[in-house]
Amino acid sequence: MNIGAASDASGVSQRMIRHYEKIDLVPAPPRRGSYRDYSDADVHRLRFIANARDLGFPIEEIRTLLGLWSDRARSSAEVKALAQSRAAELGRKVLVLEAMRRSLSELAQTCHGDDRPDCPIIKHLAE
């Protein structure tokens, strides 16, 4: 199938497919004339990558996960450790985002939001 069909089947944009090929996350498929010829296995790999991205895994960890996925002798403990590490990192980010949300909410509450130029939000940003 061509890149458009692979994109539709995997849910990964054509631009991202080309990017993944460029960084060797996905092997470049054989060509049929001037078109890339993607297989069902390529689409499956692209879906795997998309699912991992949706869970917040960065590219290098996805590269590791792809290696573990293809290694039938792997230990599931390695995969679990990666997932736990990513979950912990996401937890840290949630705390930071929640603190940002609280700060913005507090700043917004102190702003009159009227026609006057006085605004504590702008004042805080300028500090």
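Contact here means heavy atoms within 4.5 Å. The model is predicted: local features need pLDDT of at least 70, side-chain atom pairs count only at pLDDT 80 or more, and totals for chains, interfaces and linings use all residues. Residues are numbered from 1 along each chain as its sequence is written, and side-chain values use heavy atoms, with hydrogens and water left out.

**Figure 1. Ile121 in helix 6.** Helix 6 covers residues 120–126 and holds Ile121. Helices (H or I, at least four residues) and strands (E, at least two) are DSSP runs, numbered from the N terminus. Leaving aside neighbours within four places in sequence, Ile121 is in contact with Leu107, Ala108 and Cys111. Buried means under 20% relative accessible area, exposed means over 50%, and partly exposed lies in between (1.4 Å probe, protein chains only). Met1 is 120 residues from Ile121 in sequence. In space, the C-alpha atoms of Ile121 and Met1 are 53 Å apart.

**Figure 2. The protein chain as a whole.** The secondary structure comes to 6 helices and 2 strands. Along the sequence, the pattern reads α-α-β-β-α-α-α-α. The radius of gyration is 22 Å, well over the 14 Å that the globule rule gives for 127 residues, so the protein chain is more spread out than a compact globule. That radius is taken over C-alpha atoms, and the globule rule is 2.2 Å times the number of residues to the power 0.38. The C-alpha trace spans about 65 × 40 × 20 Å along its principal axes. Of the 127 residues, 24% count as buried. The accessible surface comes to about 9,000 Å². Carbon and sulfur atoms hold 55% of that surface. Accessible areas come from the Shrake-Rupley method with a 1.4 Å probe; for residues, only the protein chains shown count as cover. Among contacts between residues at least 6 apart in sequence, 43% join residues at least 24 apart.

**Figure 3. Helix 3 and its cover.** Helix 3 runs over residues 40–54. At 1.5 Å a residue, its 15 residues should span 21 Å, and the end C-alpha atoms are 21 Å apart, which agrees. The expected span is 1.5 Å times one less than the number of residues. Which residues of helix 3 are buried? They are Asp42, Val43, Leu46, Ile49, Ala50 and Ala52. Their cover includes helix 1 (3–10), helix 2 (14–22) and helix 4 (59–70).

**Figure 4. Glu61 in helix 4.** Glu61 has its place in helix 4. At 18% relative accessibility, Glu61 counts as buried. Not counting residues up to four places away in sequence, Glu61 touches Leu82 and Arg86.

**Figure 5. The salt bridge between Asp37 and Arg32.** Side chains of opposite charge can pair when their charged atoms come close. A salt bridge is a side-chain nitrogen of Lys or Arg within 4 Å of a carboxyl oxygen of Asp or Glu. How many salt bridges does a search of the whole structure find? The search finds 8. In the one shown, the closest N and O atoms of Asp37 and Arg32 are 3.2 Å apart. Asp37 is partly exposed at 26% relative accessibility. Arg32 is exposed, with a relative accessible area of 53%.

Figure 6. Arg92 pairs with Glu89 in a salt bridge, their closest N and O atoms being 2.8 Å apart. Glu98 forms a salt bridge with Arg101, with 2.6 Å between the closest N and O atoms. Glu98 is partly exposed at 30% relative accessibility, and Arg101 is partly exposed at 44%. A network of salt bridges links Glu98, Arg101 and Arg102.

**Figure 7. A nonpolar surface patch.** Val96, Leu97 and Met100 form a nonpolar patch on the surface. Together they have about 300 Å² of accessible area. Patches are made of residues with over 30% relative accessible area and no salt bridge; like charges are joined within 9 Å, and nonpolar side chains (Val, Leu, Ile, Met, Phe, Trp, Tyr) within 5 Å. Val96 has its place in helix 5, which covers residues 76–110.
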